[in-house]
Amino acid sequence: MAAERGGCSLDAVPLPPEVRESLAELELELSEGDITQKGYEKKRAKLLARYIPLIQGVDPSLQAENRVPGSSQATAAVSKQQKSRSTNSRDERFRSDVHTEAVQAALAKYKERKMPMPSKRRSVLVHSSVETYTPPDTSSASEDEGSLRRQGRITSTPFQSHSNVEPWLNRVIQGSSTSSSASSTSSHPGGKPAAASNTATATAAATVLADLMAHTQLDNHSAPPDVTTGLVEHSHHERPQVASVRGVPRGYSSSILETADGVPVNSRVSSKIQQLLNTLKRPKRPPLKEFFVDDFEELLEVQQPDPNQPKPEGNQMNVLKGEPLGVVTNWPPSLLAALQRWGTTQPKAPCLTALDTTGKAIYTLTYGKLWSRSLKLAYTLLNKLTTKNEPLLKPGDRVALVFPNSDPVMFMVAFYGCLLAELIPVPIEVPLTRKDAGSQQIGFLLGSCGVTLALTTDACQKGLPKAQTGEVVTFKGWPRLIWFVIDGKHLAKPTKDWHPQVRDASAEIAYIEYKTSKEGSTVGISISHASMLAHCHALTQACGYSEAETLTNVLDFKRDAGLWHGVLTSVMNRMHVISIPYALMKVNPLSWIQKVCSYKARVAVVKSRDMHWSLLAQRDQRDVSLSSLRMLIVADGANPWSISSCDAFLNVFQSRGLRPEVICPCASSSEALTVAIRRPPELGGPPAGKAVLSMNCLSFSVIRVDTEEKLSVLTVQDVGQIMPGANVCVVKVDGTPYLCKADEVGEICVNSGATGIAYFGLLGITKNVFEAIPVTAAGVPVSDQPFTRTGLLGFVGPDYLVFVVGKLDGLMTVSGRRHNADDVVATALAVEPMKFVYRGRIAVFSVTVLHDDRIVLVAEQRPDASEEDSFQWMSRVLQAIDSIHQVGVYCLALVPANTLPKAPLGGIHISETKQRFLEGALHPCNVLMCPHTCVTNLPKPRQKQPDVGPASMIVGNLVAGKRIAQASGRDVTQLEDNDQARKFLYLADVLQWRAQTTPDHPLFLLLNSKGTVASTASCIQLHKRAERVAVALMEKGRLNVGDHVALVYPPGVDLIATFYGCLYAGCIPITVRPPHPQNLATTLPTVKMIVEVSKSACILTTQAIMKLLKSKEAATAVDIKTWPTILDTDVSCSYKCLMSLNKTAV
């Protein structure tokens, strides 16, 4: 009942019928929203002022603020139901029996928690326990559980006297908000207050409360009080004045705080006084930024950390120092100096052998040929390419290298030719179509680097998309490029007095290597000459390279390890490289093994994918031997799942001469180059390491060794020791780069002279990545030298071996737990991959939904897969991911085979796939959405706010007629300073004026399909053509002013001229698209309909279209006799003066 809001039941109070009727009307108005809560309480207090104080002896202002406890308990019950619903929201189909102890503890604690959800607005009381309450004026619809756990500087003071108090007094002290009722209920079982027996004492206590509030007027619209200041902890032993506030039940804890006058009072009273003081000392108008605060994040369910989650317990790690770089007496001062040495002293030594798609060697580049051809290219670029008698290029300019993966020889010549010319090469992939995946981002990189010239070969240029003019098209997002072919016939021989400047290695940029980030943006990483030389030195020492060794390179020679080993370090050590093109690997996966065997190669650089392909094809060839190999470098050893390919490859080929210690995984990144590599025992490397880690602990960035028998484990292999001359540490991924503990996973950082120096043109992210300063837990920098973030997630294990468990680009943070995309891909592939997934093509990425990452899995299904098989496989994948990773999948989409965007070397272009998913352009054939398993932070239901919020104030200002902001354009009459331009009101007048003042000014230019100019129209030309059209309308058409004229013209100057001609004649032009000659049956009736609906009295058109309208073919669709007068504007009329014409505006 409405009367129960006063703090006691009004049934026993003798209220007149008209008062009860008024109370009922007030209750109805409040429920319908006709009045505010504050207005309701004021009116209700006035109605009851004559009756309630006579019985209770309490000030009406106090009683008006009470609430029905039952409603609060009901609200608490609803909140409890919502919690249980959110806890049990997961479908039983996706529930797994494999749960870790931490997850079970978290779920149990979440279910048992009965703590109320406090308000979003902060109360003046900082609660120290659940038993303290929230005043009703600080309650709001959006609740934040964090505010209850703020530690206030208040003590709970138990009162030991006057335990017999009326129930209504207990409610007065406890307050009446939803959160306070829930708190009282949870603190006192049953929620029953002490029995009332001493009415006089209760009345006295209530009178004290009323007296304290007698002169306090609080504005409900004031800003929330500052709860961080003015609260001092006091004991009840130090405050004898608390005897003035009595009547609290025995054992009940109430909050006492100190006001500005030092008077300890009950919490409700101090709340009002404190708010009043804050209102007086603060400006009445809140800051402007408070009007634009988005409270959406506060409405989301806050994911509370599991108290039982594993935490790192080891000591803080120290910076790991690598072995020092050895001193070599005859080490060249730069890479170009090494090329010059070998090109002049060992010109016949083989440098690079290129293979065709059949595996046959088509060309062997010697060091002498490499040196001479690089000289020719450098001379040509600097002296023969000119624009307006000025050199096109100058030292320091960037040049794009566009070469296919099958032509390493020309790429090598172009790369070293640019270095000799002191130009900066930017190797990129060959654009095959205008819609290549990631092509637009490559164009952005070229534009930001200022690239104007692209080097390529004659065969490659012929395969590029061409425009109608025969030139290479300008790809989407690319700058306009000049394509230069570097085949021998296009190069000039250097003059005898021209010699390149072979300088020592410096800090200037040598080349730029591109990298595609997680979100799809492409950046260029600058590598200096000094870094390039130091990296070659470190690789030579770590791998034990020596002169005249043979190396088989299966990787892309334009970037990463394929460039570092196969183009740079090989030249430094005069090695012979056998380059295996990707096209050959697709035809014959065993080709690289065959070349290792035939060339007796000592080193091979491969990826785990190449080893896997070899396993599938090894049955076809038996007579191969890998005994010559001393190092098999696995370039993607940083992928934790590469261990399976390494182990399987060793099991098969160990009987064919492959030794276990030959397999050498390495870890690298585009920013830090090579981070670590495993050394063979003869190079001083320790035994290989392997770790079986708990995936659940890894999701919390904690290292815990587990057993292989369990399902949710990750087996990783080491990637060797860090590079010579480098310092390595592991820092936390987010925020300040604090050093990790020994059993904690973090981002590996490297300090070395052999790393990249910057993101070209991007100073902001360069500072974050290339100039990181790791600090200890105390905030002390570990070094005065900056470190480079590698983007690799891992730790340092025994024997100073580096272990990598994932990459930052593949990291997905879901509900505070970190998951790696490669791990999820491996789990999905384990579910019958050969029966369903087409060639194992699966992409995993995350999208942001409600401020948290959600996992999306996209796979290509086999062409013969049925819909039933698809959904059965998807269901099993969901179960497997839930069992292994304890995480839900937001969306699982299946697309037809060969429809996902491909990377240059055949893999899936992840960022482009994600972009298509977000744009709705993925076009899947089967989709399974599972938001109920992963979206657990749904927004809380909105409730009506008791106070006036920013939106209400803005709406109120609009309703009141206050203009918040406005925008207006400048006056049109001020566009021209010339008064002549202002007096003309119509287009026809303006054209005549322009024909007299600027007759030769070109107005329109019509281009044909070839891009050449077909016709032009200056001011005087357009004016005269419009005059002729006007004469034709008046003499031949016999039209009057205001008649409608249909203009049936294709887009062009004729249409514009007839348009102005109609204006000259005072007619109204109606533009109509002409009919298509090949489809008259469909297009001609449309023209006819427009002419009839517009009530055109005449048709203006060309001679060709007029013949078409009157042709026999047109007669079958439209009766020729029904057309109005048709005039052909191609036939010229006699010139007449039009000065007497009335010109009417349309």
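The model is predicted.

**Salt bridges**

Start with the charged pairs. Across the whole structure, a search finds 27 salt bridges.

Select Glu547 and Arg574. Their side chains meet in a salt bridge, N to O at 3.4 Å. Glu547 sits in the loop between α17 (529–543) and β15 (550–553), and Arg574 in the loop between α18 (560–572) and β16 (576–579), so the pair ties together parts 27 residues apart in sequence. Now check the surface. Glu547 is partly exposed, at 43% relative accessible area. Arg574 is buried, at 14%; the cut-off for buried is under 20%.

Go next to Arg818 and Asp734. Their closest N and O atoms are 2.8 Å apart, in a salt bridge. Arg818 belongs to strand β30 (residues 817–820), while Asp734 is in the loop between β24 (727–731) and β25 (746–751), so this contact ties together parts 84 residues apart in sequence. Arg818 is partly exposed, with 22% relative accessibility. Asp734 is exposed, with a relative accessible area of 54%.

Now pick Arg841 and Glu860. They form a salt bridge, with 2.9 Å between the closest N and O atoms. Arg841 is in strand β31 (residues 837–848) and Glu860 in strand β32 (residues 853–861), so the bridge ties together parts 19 residues apart in sequence.

β31 and β32 belong to an open sheet of four strands, in the order β31-β32-β33-β34 and with mixed pairing. Which strands stand at the edges? They are β31 and β34 (926–929); each has a single partner strand, so one side of each is left without a neighbour in the sheet. Look along the sheet for its twist, which averages 15 degrees from one strand to the next.

Zoom in on β31 and β32. They pair in the antiparallel sense, over eight bridges.

Show helix α27 (residues 867–885). Helix α27 lies across β31, β32, β33 (891–895) and β34. Compare its direction with β34: the angle is about 35 degrees.

Helix α28 lies across β31, β32 and β33, and runs at about 65 degrees to β31.

**Helix α32**

Move on to helix α32 (residues 1019–1035). At 1.5 Å a residue, its 17 residues should span 24 Å. Colour the helix by accessibility. Buried residues in α32 include Cys1019, Leu1022, His1023 and Ala1026. Further along, Val1029, Ala1030, Val1031, Ala1032 and Leu1033 are also buried.

**Last stop: Ile1068**

Finish at Ile1068, found in strand β38 (residues 1068–1072). Ile1068 counts as partly exposed, at 25% relative accessibility. How many residues apart in sequence are Ile1068 and Ala1046? They are 22 residues apart in sequence, and 8.6 Å apart in space, C-alpha to C-alpha.

Technical notes. Residues are numbered from 1 along each chain as its sequence is written. This is a predicted model: local features need pLDDT of at least 70, side-chain atom pairs count only at pLDDT 80 or more; totals for chains, interfaces and linings use all residues. Side-chain values use heavy atoms; hydrogens and water are left out. A salt bridge is a side-chain nitrogen of Lys or Arg within 4 Å of a carboxyl oxygen of Asp or Glu. Helices (H or I, at least four residues) and strands (E, at least two) are DSSP runs, numbered from the N terminus. Buried means under 20% relative accessible area, exposed over 50%, partly exposed in between (1.4 Å probe, protein chains only). Two strands pair if DSSP finds at least two bridges between them. Axes are lines fitted to C-alpha atoms, for helices over the stretch in contact, and angles run from 0 to 180 degrees between N-to-C directions. Contact means heavy atoms within 4.5 Å. The expected span of a helix is 1.5 Å times one less than its number of residues.
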